[in-house]
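Hi,

Here is the model you wanted to look at. My notes follow below it.

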Amino acid sequence: MTRAHNAVREFVIPVGVAALAVVPALFLRVTGGSVGALGDMTLFGVAILAAGFLLSWGAEAAEKYVSTGFVLAIVALITVLPEYAVDFYYAYRAGHDPTSGYVAYAAANMTGANRLLIGLAWPLLVGLHWWRSRQRGIALQSENAVEIGFLALASLYAFVIVLKGSIGLIDFVALLVLYGFYLRRTLQLPRADEDEEEEEPGLGAIIASMSPGLRWTVMGLMAATAMVLIVLSAEPFAESLIQAGRSLGIDEFLLIQWLAPLASEAPEVVVAILFVLDGRARAGLTMVISDKINQWTLLVGMLPIAMSIGAHSLSTLPLDARQHEEFFLTAAQSLFALALLLPLRLSLWSAVALVSLFVIQLALAFFYQATPEREIAVLTALAWVYLALAVILLVWHARRVPALARAAFGTVPQAE
């Protein structure tokens, strides 16, 4: 009975906290009230954060029933749905009113989410793993060549968009097909070893231990509740970000680029952190790599779809001078991160390089926010720095590429 009571308590307390966290936002949404731009931004951001955790807890529970790579890919996709909702709203508004400036906001949110993930989340996992185990890096296995291979394809396609200067419906089709092949490939991967499965952290383990009927009911209710919360909170959160930026005198482009993804990406990162702290650092890193793949494919590809819905006609998302260089910088950072993964390991020094370059670009972006021309020049210079470093690493690790390509796209890799 004690064990059962502990399980109930461990389930009820976090779910109850998440439920209480969304009450203020729901009250404002139902009544049409407001507590000011900053207050609305905080309350609706907390609601989106809580919804993300509900999604992640339900998704984790499925890990022991499907191939590990596939489940980690699905968990990464589900937990980042709040990010999709916010970006979808900005792109929809851009299509509805092309002169409103929302085109820039959609691009800002997308590039910020991608760069935050690599620049902060990846290094954070490596740092926590070093703190926990004193191992100077997170080692991957041969089956992780699948993530590396598809991240390479998505990153290379990003440069096609850079050359075109726009994101169109053909890009949506190409990126959707690419992500579909990625999911299909992850289904062919082996499941985790039983000892790994037994160490599944958090609420996911409690849900997975329930009877099948109760387990799928709980997971379905969590998913449905979270989706309703996201739909109700995405618009007021996105709008309050813009108003908060204006009231604080901060460039709303930068606020949307960096603050919105912090709230919407948090559930994904926290789940990955739990894996690391539970001794499953490879699973945590695999999840955030998969998150990068789905953002670099589905998140980018759905922008013209959202614009088209808003415009009631087929539309293309154009990249102006600033957005073009933001996308170029994001693509260059992605290629550099990919090159760091070629040894099937993300080392402590690699993590330091990623976070250092990210902090530099963030500081320069805020420093030059009042001079757009100079900011664009700085972004371009940083992109070329990333590209130069990526080329050096690709040449250095060139001998590894054929074997990784065979493991990613050839015969099904076996677990080590």
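Predicted model: local features only at pLDDT ≥ 70, side-chain atom pairs only at ≥ 80, totals over all residues.

At what angle do the axes of helix 4 and helix 12 cross? Roughly 35°, and the axes of helix 4 (residues 81-96) and helix 12 (residues 281-311) come within 7 Å. Helices here are DSSP runs (H or I, at least four residues) numbered from the N terminus; axes are lines fitted to C-alpha atoms over the stretch in contact, with angles from 0 to 180 degrees between N-to-C directions. The contact (heavy atoms within 4.5 Å) includes Tyr84, Phe88 and Tyr92 of helix 4 and Leu298, Met302 and Ala306 of helix 12. By class, that contact has 13 nonpolar, five polar and two charged residues (Ala, Val, Leu, Ile, Met, Phe, Trp, Tyr, Cys and Pro count as nonpolar, Asp, Glu, Lys and Arg as charged, the others, Gly among them, as polar).

Residues are numbered from 1 along each chain as its sequence is written, and side-chain values use heavy atoms, leaving out hydrogens and water.

On pLDDT (the predictor's confidence in each residue, from 0 to 100), the protein chain averages 81, and 82% of the residues score at least 70. Over residues 193-201 the pLDDT is below 50, though this stretch has 18 contacts in the model beyond near neighbours in sequence.

Cheers

How values were computed. Helix = DSSP H or I, 4+ residues; strand = E, 2+ residues; numbered from the N terminus.
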